[in-house]
Amino acid sequence: MVENAIKEVYTALLPKIMTIADLGCSAGPNTLLFISSIISIIVEQCKSGGDASVELQFFLNDLPGNDFNELFRSIEKFKRPNTTGEMAHLPPLYYIMGLPESYYNRLFPRESVHLFHSSYCLHWRSQEPEGLEAWRKTYLNEDNIYITKTTTPFVVKQFQKQFHKDFSLFLKLRHEELVHGGQMVLIFLGRKNEDVYSGDLNQLFGLVARSLQSLVLKGLVDKEKLQSFNLPVYGPSVGEVKELVMQSHLFNMDLIKQFEMNWDPFDDSESDDVEDTARSSMNIAKFTRPALKSLIVRHFGETIIDAWFTEFMSLVAEHLEKEKTKFTTIVMSLKKE
Ligand SMILES: C[S@@+](CC[C@H](N)C(=O)[O-])C[C@H]1O[C@@H](n2cnc3c(N)ncnc32)[C@H](O)[C@@H]1O
């Protein structure tokens with residue numbers, strides 16, 4: 001989808017300077033993978049008769065807390081030509097810039113961006129849902145931290161409201177910033193079915209909640225602290241996403257798809273059995289920790305992290321004994337006419 005989008009924008013608009021932004025770029029190898037694949041696609045386009053004088057400017061966006069120093073150090077290595085010096089002489093020229101700011105704000109001048117890309121970010125909300133504290137420290141989602149079987153319809157509505165607000169704002173802001181004919185490829189976690197109580201995120205965060213509940217029982221976490229904690233996250237269905245895009249009247253939806261992958265990122269098998277529960281639960285706990293660490297530390301303090309990790313990993317192992325669960329990823333491509 002990224003390849004199609006970049007080729008279409010390049011051939012339809014023939015820009016002299018092409019502006020491409022990766023929103024929520026983080027600071028890992030995936031950031032560089034995105035940049036290098038865009039460069040390779042444009043190199044191919046230039047070879048097959050495209051305008052070789054095109055120059056690319058990449059904007060790498062993330063929250064200000066992202067490790068931009070680490071990111072730019074890795075880019076320095078990536079930019080060095082290989083031993084034959086080959087890459088250095090091939091068009092296009094490209095420039096890479098950092099953009100530390102939440103993408104729930106305007107990031108660019110109007111009509112200046114050709115392609116937006118965002119991978120595994122848009123399930124994060126700009127804040128926790130509002131209105132979950134009823135009065136005098138009565139917390140409506142009780143010991144839950146996301147939507148589980150015991151979450152009331154009112155609380156579900158609050159999570160959905162926050163998603164609608166954030167996603168609609170995101171579409172409006174990006175529409176202002178895209179050139180006519182510009183495109184967006186958005187990849188984020190969602191849920192497979194319309195039922196808002198179903199879904200693997202509900203299961204995963206249900207296990208995170210249970211691990212925090214056992215820390216309450218062990219006296220390591222204050223019960224009221226847990227009750228006042230909710231995740232700024234929402235996994236939408238394809239139907240919900242389509243409806244918001246339609247309601248916005250801003251974009252043509254070229255394509256929307258969903259696919260599944262195992263919770264354990266190192267397990268590529270199609271089988272319904274977990275081969276090594278201990279190894280998979282460790283892998284799952286290891287990628288969940290960096291995703292939630294800053295939220296947990298901010299709310300409960302640094303000291304509980306190790307105990308939480310151990311507790312969580314053992315609950316994941318217990319879960320995998322019963323069921324191999326998969327993430328649902330939604331991928332879509334939008335065009336501004
Ligand atoms: C799971 S990482 C994805 C990293 C990379 N894009 C990838 O596909 O591997 C999610 C990133 O989204 C960023 N993020 C979350 N909310 C954001 C916001 N409002 N504005 C900018 N970045 C945000 C986080 O800081 C984090 O680096």
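Me: Where do Trp308 and Phe312 lie, and how many residues apart are they?

Reply: Trp308 and Phe312 both belong to helix H10 (residues 305-322) and are 4 residues apart, about one turn of the helix. Helices are DSSP runs of H or I of at least four residues, strands are runs of E of at least two, and both are numbered from the N terminus. This is a predicted model: local features need pLDDT of at least 70, side-chain atom pairs count only at pLDDT 80 or more, and totals for chains, interfaces and linings use all residues. Residues are numbered from 1 along each chain as its sequence is written, and side-chain values use heavy atoms, with hydrogens and water left out.

Me: Why is Trp308 called buried?

Reply: Buried means under 20% relative accessible area (exposed is over 50%, partly exposed in between; 1.4 Å probe, protein chains only). Trp308 has a relative accessible area of 0%, so Trp308 is buried. Phe312 is buried too, because its relative accessible area is 0%.

Me: What makes Tyr103 and Phe170 an edge-to-face pair?

Reply: A search of the whole structure finds 14 aromatic pairs. Rings of Phe, Tyr and Trp (its six-membered ring) pair if their centres lie within 6.5 Å; planes under 30 degrees apart are stacked, over 60 edge-to-face, and the rest tilted. Tyr103 and Phe170 are 5.5 Å apart, centre to centre, with 85° between the planes, which gives an edge-to-face pair. This pair links distant parts of the chain, 67 residues apart: Tyr103 is in the loop between E3 and strand E4 (113-119), and Phe170 is in helix H5 (residues 153-177). Both Tyr103 and Phe170 are buried.

Me: What makes the pair of Trp308 and Phe312 stacked?

Reply: Their planes make an angle of 15°, with 5.3 Å centre to centre, and the pair counts as stacked. One aromatic cluster is formed by Phe163, Phe167, Phe188 and Tyr234.

Me: How do you know that the charged end of Arg174 sits over the ring of Phe170?

Reply: The rule asks for NZ of Lys or CZ of Arg within 6 Å of the ring centre and within 35 degrees of the ring normal. For Phe170 the charged end of Arg174 is 5.0 Å from the ring centre. The charged end of Arg174 also sits over the ring of Phe116, 5.5 Å from its centre.

Me: Why is Leu173 called buried, and which residues does Leu173 touch?

Reply: Leu173 lies in helix H5 and counts as buried because its relative accessibility is 6%. Contact means heavy atoms within 4.5 Å. Not counting residues up to four places away in sequence, Leu173 touches Tyr103, Tyr104, Asn105 and Arg106. The C-alpha atoms of Leu173 and Tyr104 are separated by 7.7 Å, although these residues are 69 residues apart along the chain.

Me: What makes E3 and E6 the edge strands of the sheet?

Reply: The sheet is open and has 7 strands in the order E3-E2-E1-E4-E5-E7-E6, with mixed pairing. Strand E3 (93-100) and strand E6 (252-262) each pair on one side only, and they are the edge strands. Two strands pair if DSSP finds at least two bridges between them. Strand E2 (residues 55-62) is joined to E3 by 8 bridges, and the two run parallel. The bridge partner of Phe59 in E3 is Met97.

Me: Why is E5 called largely enclosed?

Reply: Of the 13 residues of E5, 11 are buried, so E5 is largely enclosed by the rest of the structure. E4 and E5 run parallel and are joined by 6 bridges, and Val113 stands opposite Leu178 in E5.

Me: Why is His114 called buried?

Reply: His114, which lies in strand E4, counts as buried because its relative accessibility is 9%. Leaving aside neighbours within four places in sequence, the contacts of His114 include Val9, Leu13, Pro15, Leu178 and Val179.

Me: How do you know that the buried residues of H8 line one face of the helix?

Reply: In helix H8 (residues 238-248), Val238, Glu240, Val241, Leu244 and Val245 are buried. Seen down the axis of H8, these residues fall within an arc of 165°, so they line one face of the helix. The arc is that of the directions from the helix axis to the C-beta atoms. What covers them includes H5, strand E5 (178-190), E6 and strand E7 (326-335).
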